[in-house]
Amino acid sequence: MMSRRQPRILIMTGPDHPSRRDFLRTTAQAGALLSLAEALPAAAAFGASGHDASGAPPPWADRAMRWAQLTLVEDDPGRFDPGFWLEYFQRVQADAACLSAGGCVAYYPTQVPFHHRSAWLGDRDPFGDLVRGCRERGLVVAARTDPHALWPDAAAAHPEWVAVGADGHPRRHWSSPDLWVACGLGPYNFEQMTAIHREIMTRYRPDAIFINRWSGSGLCYCSACRENFRAFAHADLPRTTDPRDPAYRPYLAWRQRRLFDLWERWDAAVRAINPEARVVPNTGGGALSDLDMRETGERAALLAADRQARRGLMPPWANGKSAKEYRATLGRKPVIGIFSVGFEELERWKDSVQREPEMRLWVLEGIANGMRPWFTKFSGTLYDDRWLKPVERLYQWHQQHERYLRNEVPLARVGVVYSQQTAWCYGGEKARDTVEDAALGVYQALIEARIPFEMVHDRLLEAAHLRPFRLLILPNIAALSDAQCAQLRAFVAAGGGLLATSETSLYDAEGARRRDFGLADLFGVSFAGRVEGPMRNSYLRLHHAPAGGEPHPLLRGLEHAPRIINGVWRVDVNTTAPFPNPPVTLIPAYPDLPMEEVYPRGERLDKPQVFLRETGGGRVAYVPWDLDRTYWEVLAEDHGVLLRNAIAWALNEPPLLAVSGPGVLDVTCWRQAASLTVHLVNLTNPMLMKGPVREFFPVGAQEVRLRLPADLTPQGVRLLVAESEPEFGFADGVLTVLVPSILDHEVVAVDF
Ligand SMILES: [Zn+2]
């Protein structure tokens with residue numbers, strides 16, 4: 001679990017302590033680091049995918065750095081104090097606001113028939129008052145709508161707007177039984193909501209319309225959906241929700257088409273009135289999300305990632321992961337991180353308030369990973385104001401250091417591929433276990449290894465898009481098309497490295513199992529026809545170099561281990577290329593009960609369990625078992641070491657950035673217009689793996705080493721949280737900074 005790196009210097013007695021000067025001199029020369037001159041031109045390609053259906057984002061989209069969202073409730077008009085909120089937005093230095101306008105409830109005097117005015121509205125216009133106040137204070141304004149629920153009068157007059165269940169009956173709202181669930185793919189969204197969006201844009205000219213819960217609430221069997229689907233697929237709507245079911249597959253395609261058409265229709269309607277305006281549907285995510293992220297990233301001017309807080313077992317880095325997943329297809333367009341001031345569990349305590357450390361660490365993870373913060377508060381009436389100061393502290397710091405937070409490109413040489421098609425077509429209803437857990441294991445290992453990395457969408461594997469990366473990790477990316485395999489092959493031929501696990505490329509893009517891996521030639525193995533598991537009590541034999549010899553690169557840190565635990569699922573393979581002296585071989589599962597029977601039944605020295613190959617220009621590491629998934633389940637340190645070693649071997653270049661010291665840190669590295677930053681988020685906490693952080697525990701000195709191009713001299717180094725100017729060493733192109741201690745977060749900012 002914990003990084004075992006020891007700090008070279010633990011205690012500093014003062015800025016002129018001689019050992020510190022020696023330290024700076026020596027460490028600047030020690031160890032090889034990748035030059036930024038090599039990394040920066042590649043990073044400049046970041047986000048230059050050339051796809052942007054929406055054209056360049058309007059200027060307001062990039063201007064907004066800190067968002068404030070006030071979601072009104074129906075009885076707010078006349079009861080809540082708009083002045084309080086406007087003053088608060090200003091005090092926290094928010095430069096954008098998302099304000100409730102309409103959809104379910106209209107907070108302005110709408111003229112659209114059946115657009116339900118708040119029963120407390122009277123002759124007021126709270127939305128208009130807030131828009132005016134925000135404009136006077138120079139804020140970007142987004143109007144929020146929510147089209148998922150309908151009032152009885154609308155449902156009675158327009159039964160075609162109501163979602164219909166599999167039983168053929170209209171669906172009542174699951175939480176507010178007086179209301180009805182709206183169909184997301186029929187005339188309610190296409191016609192009524194278009195009229196509402198037009199009215200809002202005409203009357204108030206907001207910069208954006210943010211649409212919550214816009215994509216329907218599960219399968220709808222209304223007549224419009226049935227007819228539209230029949231015209232598309234010549235079939236009845238499916239009765240299953242398993243994406244692996246052939247009956248469901250056309251539905252997936254049709255639903256996406258409908259939703260992208262809807263997005264386009266709304267966007268065209270508002271841009272016809274205000275060309276600078278955009279609609280921002282609340283959408284997107286990682287492998288488990290349901291709209292193709294490549295097309296989503298092309299269409300969007302910006303997106304807000306709606307992962308508001310931890311839920312269940314979720315470490316704080318989940319927010320940073322979300323940032324990386326969105327950035328994978330949005331490139332340089334703004335990724336905004338919506339965070340809740342309250343809890344975000346299944347029970348939906350929407351008026352709750354989290355304590356400061358938990359909320360703070362969540363938001364800092366987002367900021368360190370390139371997100372612009374967006375707080376969301378439900379109800380204009382405050383029941384608990386404990387969150388006000390914590391958000392103020394976060395936002396004021398953010399505003400103060402904004403120029404160091406306006407990132408241009410991330411500096412990362414490692415990309416972790418995520419694949420919605422693998423989640424849909426291979427994982428299906430088990431995608432969380434078979435697909436996402438593998439990615440989470442890799443993510444945790446990279447955090448512990450302190451390696452800056454990005455997420456990469458599997459439909460953006462063109463050479464231009466992969467230029468920033470030296471290594472791609474494929475955590476059980478099972479479903480890959482021939483074309484995607486060819487792109488990966490080209491990446492390796494051009495010198496890139498691959499680390500792939502389990503059934504990567506054993507299925508095509510539609511989820512049909514191939515006879516052999518699509519990447520069999522790169523792996524140097526072929527599929528032997530079976531996957532064994534779940535295995536219990538299986539092990540791996542480690543074959544070390546003879547005493548005194550150089551340790552095998554895969555086994556560094558495992559020198560004293562004759563064997564380690566195996567994973568749970570193993571793909572049986574035959575070698576097709578030579579793998580002399582394999583470092584890791586199979587000890588097959590043997591009984592785990594009764595204890596008298598627990599003894600090994602022979603070893604399979606002929607079954608290597610890691611395949612390392614230099615092929616073409618690059619290095620390929622293939623692990624034919626669920627190392628990553630098992631790491632997430634068990635978190636055995638031996639597996640973490642094995643993963644880290646495999647990453648280092650396949651990367652095959654010195655790190656750009658090295659940070660050593662005690663604790664668990666998320667390390668990210670960015671370039672801005674005239675500076676570089678290194679973010680260090682202190683995740684060292686007994687609550688790390690679930691996230692209910694009570695307090696922060698400061699970690700001691702961290703040595704940060706960054707190699708700069710030969711012609712570049714740093715003009716100054718600042719610590720943006722400690723608000724100090726640390727001494728720094730600079731020799732032979734290596735910048736060395738000693739960060740004495742980190743409580744929650746530190747940013748090393750290097751000016752040029
Ligand atoms: Zn419908």
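Analyst: Start with the element names. Helices (H or I, at least four residues) and strands (E, at least two) are DSSP runs, numbered from the N terminus. This is a predicted model: local features need pLDDT of at least 70, side-chain atom pairs count only at pLDDT 80 or more, and totals for chains, interfaces and linings use all residues. Residues are numbered from 1 along each chain as its sequence is written, and side-chain values use heavy atoms, with hydrogens and water left out.

User: Where does R213 lie?

Analyst: R213 sits in the loop between β6 (208-211) and α8 (223-233). Its phi is positive, about 40 degrees, although R213 is not a glycine.

User: Is R213 buried, partly exposed or exposed?

Analyst: Buried means under 20% relative accessible area, exposed over 50%, partly exposed in between (1.4 Å probe, protein chains only). At 39%, R213 is partly exposed.

User: Which residues touch the most other members of the largest nonpolar core?

Analyst: A nonpolar core is a set of buried Ala, Val, Leu, Ile, Met, Phe, Trp, Tyr and Cys residues joined through side-chain atoms within 4.5 Å. The largest one here has 212 residues; W67, F89, F127, W387, L498 and F517 touch the most other members. Another core, of 24 residues, lies apart from it and includes L411 and V739.

User: Which residues does a cis peptide bond join, with omega about -15 degrees?

Analyst: That bond joins L593 and P594. P594 is in the loop between β20 (584-587) and β21 (604-608). Another cis peptide bond links G533 and P534, with omega about 0 degrees. P534 falls in the loop between β16 (525-532) and β17 (539-542).
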